[in-house]
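Q: I have a model open and want to learn to read it feature by feature. Can you walk me through it?

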Amino acid sequence: MLTLLDRQLVASYLKAYAGSLISLMGLFVVIDLFTNFEEFTQSKSDVNTTMLNIVRFYSFKVVEIFDRLCEAIVLLAAMFTVAWMQKNNEIIPLLSAGVSTRRIVRPVLLGSFLMIGLVVLNQEFMLPQIDAYLLENRGDPKGERDANVKNTFDSQIILHSGGSALKKEMLVKDFMLRFPEKLGNLLIQAREARFYPAGEKHPTAGVWVMQNTVPERLTSWNRTDILEMKSPGVFYFYSSEIDFETITRSKNWARYVPTWELLNKIARIDSAQLASIAVAFHMRLTRPILGMLLVFMGLSIILRDQNRNVFISAGLCIGLCAVFFISGFACQYLGSYGHLPPALAAWLPVLVFGPISFVMFDAVHT
């Protein structure tokens, strides 16, 4: 049961969390806006429309900013809460009354755990709702510009590629399919291909309607369940794996996908991206653990020497946060490019920082 002191500490933690969140998020938005302001004005719209696009863009962007800064905000909130207690000499009377240091900071750890839970909810339910295209194209909120198309393989090793895409109409120009040797080593090109989701032209799979194709006919083709000629130069390509979003998605598309869907995509993704997707999946599992380990280490730095200046402790925590994130990015890079197994790359920071954090926290004077 929470005592009066526990409730006071939880309230102090939430206030520090709200202050850190608003400050960091506001700073991030201001810097990003001034850095990329020209992109918002490229559409040559009037002032009101431009301002509306900015507001719409950052209403989505703040969700991504929260996802990027959440661990740092949790650490800063815990640090400020404990540092404020030290500054007001609130810890020494409690220690004199026989209350251990670990018992004092227990509400702070509880608040940190709850905020880490918000991170998970944001990842699973909020980020998937964000229009990733809006996040990447500040000057084109309606998807009217040409977008890049990347080469993508499905589970049957069919290569999908194209020149450019128009997201507003789900249209790919210079669309091309290359079938592997087991499917006849076929190459078919289309001046344009429009994608229709499942149910619009086919009940079970999405359909790529290819027009002005080369060749116009296929004489010896019998796999009409995959590719079907409707008329000379017009083909229907049925695909349950590669839709328009897949072929035009950004490099960091996995950030906006819930964990269960990420797991499903591992079984169907082409081998060129398998390592990076597997690393992303395992990092979803380790992220809450790493967030709490970061809090344990940060509090240990502050509590280890209670006579240390608050600003020095804050600087040490910021340095710890930098080392922590650099290590995580390095492991992610090594796993994504095959230098480490994906599971090991994601869990290595836990294996390294886990024992260190508990040793540091155990060394805190009680």
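Q: Let's start with a helix. Which residues of α1 are buried?

A: First, what you're looking at: this is a predicted model, where local features need pLDDT of at least 70, side-chain atom pairs count only at pLDDT 80 or more, and totals for chains, interfaces and linings use all residues. Residues are numbered from 1 along each chain as its sequence is written, and side-chain values use heavy atoms, with hydrogens and water left out. Helices (H or I, at least four residues) and strands (E, at least two) are DSSP runs numbered from the N terminus. Buried means under 20% relative accessible area, exposed means over 50%, and partly exposed is in between (1.4 Å probe, protein chains only). On α1, the buried residues are Asp6, Leu9, Tyr13, Ala16, Tyr17, Ser20, Leu21, Met25, Val29 and Asp32.

Q: What covers those buried residues of α1?

A: The cover includes α3, α5 (101-104) and α6 (106-126). Take Ser20, which sits in α1 and is buried at a relative accessible area of 6%. Contact means heavy atoms within 4.5 Å. Not counting residues up to four places away in sequence, Ser20 touches Ile73, Leu76, Ala77 and Phe80.

Q: What span should α1 have, and how far apart are its end C-alpha atoms?

A: The expected span of a helix is 1.5 Å times one less than its number of residues. With 32 residues, α1 should span 46 Å, and its end C-alpha atoms are 46 Å apart, so the two agree. The buried residues of α11 include Ser313, Cys317, Phe324 and Gly335. Just after α11, Gly338 takes a positive phi of about 80°.

Q: How much space lies in the largest pocket?

A: The general idea goes like this. Rolling a probe the size of a water molecule over the atoms shows where empty space is left. The search uses a 1 Å grid over the protein atoms alone: a cavity is a set of points where a 1.4 Å probe fits but cannot get out, while a pocket is an open set with protein on both sides within 12 Å along at least five of seven lines. Lining residues have an atom within 4 Å of a point. Points are joined across faces, edges and corners, and a volume is the space filled by probe spheres set on the points. Here, the largest pocket holds about 1500 Å³.

Q: Which residues lie nearest the centre of that pocket, and which helix gives the most to its lining?

A: Of the 41 lining residues, Arg68, Arg255, Met283, Phe329 and Gln332 lie nearest the centre. α10 gives the most, with 11 residues. At least two lining residues each come from α1 (4-35), α3 (47-87), α10 (271-304), α11 (310-336) and α12 (342-362). The lining divides into 26 nonpolar, eight polar and seven charged residues.

Q: Now backbone angles. Where does Met170 lie, and what is its phi?

A: Met170 lies in the loop between β4 (164-166) and β5 (171-178), with phi near 50°, a positive value in a residue other than glycine. Met170 is partly exposed at 29% relative accessible area. Asn185 also has a positive phi near 50°, in the loop between β5 and β6 (187-196), and counts as exposed at 51%.

Definitions and conventions: Nonpolar A, V, L, I, M, F, W, Y, C, P; charged D, E, K, R; others polar.
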